[in-house]
Amino acid sequence: MTFVRLPATFFAALMAASAIAGAEPAGEVIPEKFLDVTIDPAERSVRGELRMHRPPGVSEFRLRDGLRVHEVRVGEETLQVARTPGGRYRIRVPEVAPPVVITWSGTLPAPDDGVAGMFMDRDGGFLSPEGGWYPVFEPGRPFALRLHARVPSGQRFVATGSLVGEVNDDGTHYSAVHAHPRINAVVLASGPWLERGIEVDGVQVRTLFPEALDAGYARKYLEHTAQYLRKFAARAGPYPYESFTIAASPAPVGVAFPAFTVLGERVIPLPFIPRTSLAHELLHNWWGTGVRVDYVSGNWSEALTTYMADYHLAEQRGEARETRHRWLLDLASLPPELDRALVTYRGGNRGADRIVGYNHGAMMFHMLNRRIGAQAFDAGTRLFSDRHMFRVAVWDDLQAAFSEAAGEDLSGFFDAWLQRPGLPELALRDVERRRDGDAWEIRGVLEQVQADDPWPLAVPLVVETGDGPVRQTVSMGERRVPFSVRVADAPVAIVADPDYHVLRRLADAPPILRTTTLQPRARLATTRPGLEDVGPAVLGRRPEPAEAFSPDAPLLLVGETGEVVRWLAAQGVPEPPEAMARRGHARAWTVPGTRLLVLSADDMEGLRNLVGALRHHGHRSYLVQDADGRSMEAGVWESAEDPLRIVFQE
């Protein structure tokens with residue numbers, strides 16, 4: 001399959017198409033829409049018919065310029081259509097009318113046409129409501145959908161809602177019907193795909209992959225999806241659709257829509273995608289496209305999906321502690337000017353947006369799970385799903401469901417972790433041990449040392465002894481809380497939150513790649529002319545140049561391997577914990593005690609590969625690649641000491 005060049009606005013349009021929200025009046029009557037469309041990707045043509053009831057009086061709908069309305073009729077009566085600016089059409093519906101029927105046709109834009117939310121050709125197509133490919137009345141208002149579409153044989157499509165039927169019409173066309181009981185918009189994707197499928201507990205699971213990907217990856221994706229469907233249904237309630245489809249796209253994306261997800265053709269072969277992103281996009285069929293988001297009041301779905309999908313799988317791989325530590329490292333790298341309250345997160349999966357909306361939010365749900373217990377947590381999510389499926393829900397609805405499941409008022413917990421920016425920071429004070437008969441007692445004070453008011457916390461304490469660890473939890477509602485722990489064996493050390501269960505600011509956080517890339521004031525130094533374009537690719541903006549190194553100034557250094565070695569020596573930059581400057585073919589690393597990020601490679605191809613990989617390694621302190629761009633080493637510098645661990649002297 002040929003990879004097509006997509007307009008710059010395509011990714012924003014993808015997210016907008018999946019971001020279905022808006023207030024819904026109680027007791028509202030949901031109208032039905034019947035869409036019948038024929039699409040020819042090779043010709044980029046569409047012709048269609050929309051049938052629906054409209055209230056009497058004046059109605060307006062929107063259709064993209066370049067598509068032509070042929071007729072609007074009610075029964076045997078043809079209605080007059082008035083064209084207004086902006087691709088809008090006005091009709092007057094008579095009293096006690098049968099359904100309004102609109103027929104239209106035209107040519108869809110090509111991928112290179114730069115039209116947001118819509119493109120079509122034989123190698124892949126995507127049609128979102130923002131592109132105006134079908135008549136749209138009152139954007140954002142819910143309706144029941146039944147869509148019948150057909151494409152030429154050799155093509156397939158997937159669209160909003162459950163797949164309820166599909167046929168091949170005499171070998172000339174592929175035809176299918178999709179349905180949804182309550183939706184706001186219709187999305188359709190197409191391509192020259194091969195179809196594979198299995199049935200999982202009554203749900204039809206499909207892959208729609210090009211031939212080059214089908215044989216190697218379809219079965220793996222089907223098997224993983226089957227596992228995830230069963231897991232998520234047990235925790236979040238029944239899967240809300242009759243089908244789930246994984247469709248390939250020329251764009252390097254991973255986006256969820258009602259009953260399907262679109263994954264990039266270059267993304268699908270990545271070995272970690274079936275074990276991570278696939279589960280995330282599937283769970284969005286419960287949270288985000290199933291129970292929908294009121295984006296004005298805050299986006300809860302990414303946090304809940306990250307916790308119940310990504311983190312759950314990390315637990316199963318034995319990587320839960322590492323994942324929590326990574327989230328806290330990301331939060332520690334967030335500059336104060338980019339920090340904000342979780343409730344203000346509306347969307348976005350890059351940089352500070354992702355750290356707040358995904359990581360901060362997932363850690364909040366982890367603390368909630370520990371507070372109310374896993375059984376109550378899952379009961380809360382099932383209650384939330386049952387009450388709000390196919391409707392818009394807000395943070396208060398989540399709070400109500402969890403409070404009812406836990407049998408306690410959780411408003412104080414949610415208020416603190418949703419409404420406040422910043423994070424608590426912990427310290428151990430006045431810690432001492434003393435012999436008490438045949439036992440030992442450790443006393444001290446656990447303090448929140450941030451400038452802001454104290455947070456409600458449940459902080460694990462672990463006393464290390466020769467007989468093993470002794471655990472205790474300290475509940476904190478005040479800034480300073482005394483504690484006392486008795487142990488039978490002589491205590492060796494005491495540590496607060498050693499496994500990173502508490503959403504807090506790490507006092508000992510080593511620098512990671514994001515420590516520099518997130519800094520709005522980061523500057524760029526290059527060892528030779530011609531490397532200036534690396535700055536925007538890494539920092540997301542064009543930084544000002546810098547000539548010298550300063551430990552307190554965020555700086556991105558880019559250059560050829562030997563030139564970088566000489567630049568670092570001339571500037572007196574301290575060595576990192578491990579020698580990095582000549583590792584592998586290309587490498588990126590931070591320097592503890594500074595805000596310097598170094599990128600160097602043996603040639604330009606190595607530098608390009610390195611820059612392309614940084615998005616997936618922002619939580620690392622260093623990354624080393626070989627000449628083919630494969631990762632050889634990646635990790636986080638170890639902290640010199642843990643300020644929350646007190647070692648007792650003999």
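How many of the 22 residues of helix 6 are buried? The count is 17 of the 22, so helix 6 is largely enclosed by the rest of the structure. This is a predicted model, and the mean pLDDT of its protein chain is 92, with 96% of the residues reaching 70 or more.

**Confidence**

- Over residues 1-23 the pLDDT stays under 50, and for this stretch the model has 66 contacts beyond four places in sequence.
- Where pLDDT is low, the predicted coordinates should not be read in detail.

**Helix 6**

- Helix 6 covers residues 351-372, and at 1.5 Å a residue its 22 residues should span 32 Å, which agrees with the 31 Å that separates its end C-alpha atoms.
- The residue that follows helix 6 is Gly373, which has a positive phi, near 95°.

**Salt bridge between Arg83 and Asp65**

- The structure holds 36 salt bridges, and one of them joins the side chains of Arg83 and Asp65, with an N to O distance of 2.6 Å.
- Because Arg83 lies in strand 6 (residues 82-84) while Asp65 lies in the loop between strand 3 (57-62) and strand 4 (67-74), the pair ties together parts that are 18 residues apart in sequence.
- Asp65 has a relative accessibility of 46% and therefore counts as partly exposed.

**Salt bridge between Arg528 and Glu563**

- Arg528 also forms a salt bridge, in this case with Glu563, and the closest N and O atoms of the two are 2.7 Å apart.
- Since Arg528 is in the loop between strand 30 (523-526) and helix 11 (534-539), and Glu563 is in helix 12 (residues 561-571), this pair ties together parts that are 35 residues apart in sequence.
- Arg528 is partly exposed, its relative accessible area being 39%, whereas Glu563, at 19% relative accessibility, counts as buried because the cut-off for that class is under 20%.

Definitions and conventions:
Residues are numbered from 1 along each chain as its sequence is written. This is a predicted model: local features need pLDDT of at least 70, side-chain atom pairs count only at pLDDT 80 or more; totals for chains, interfaces and linings use all residues. Side-chain values use heavy atoms; hydrogens and water are left out. Helices (H or I, at least four residues) and strands (E, at least two) are DSSP runs, numbered from the N terminus. The expected span of a helix is 1.5 Å times one less than its number of residues. Buried means under 20% relative accessible area, exposed over 50%, partly exposed in between (1.4 Å probe, protein chains only). pLDDT is the predictor's confidence in each residue, from 0 to 100. Contact means heavy atoms within 4.5 Å. A salt bridge is a side-chain nitrogen of Lys or Arg within 4 Å of a carboxyl oxygen of Asp or Glu.
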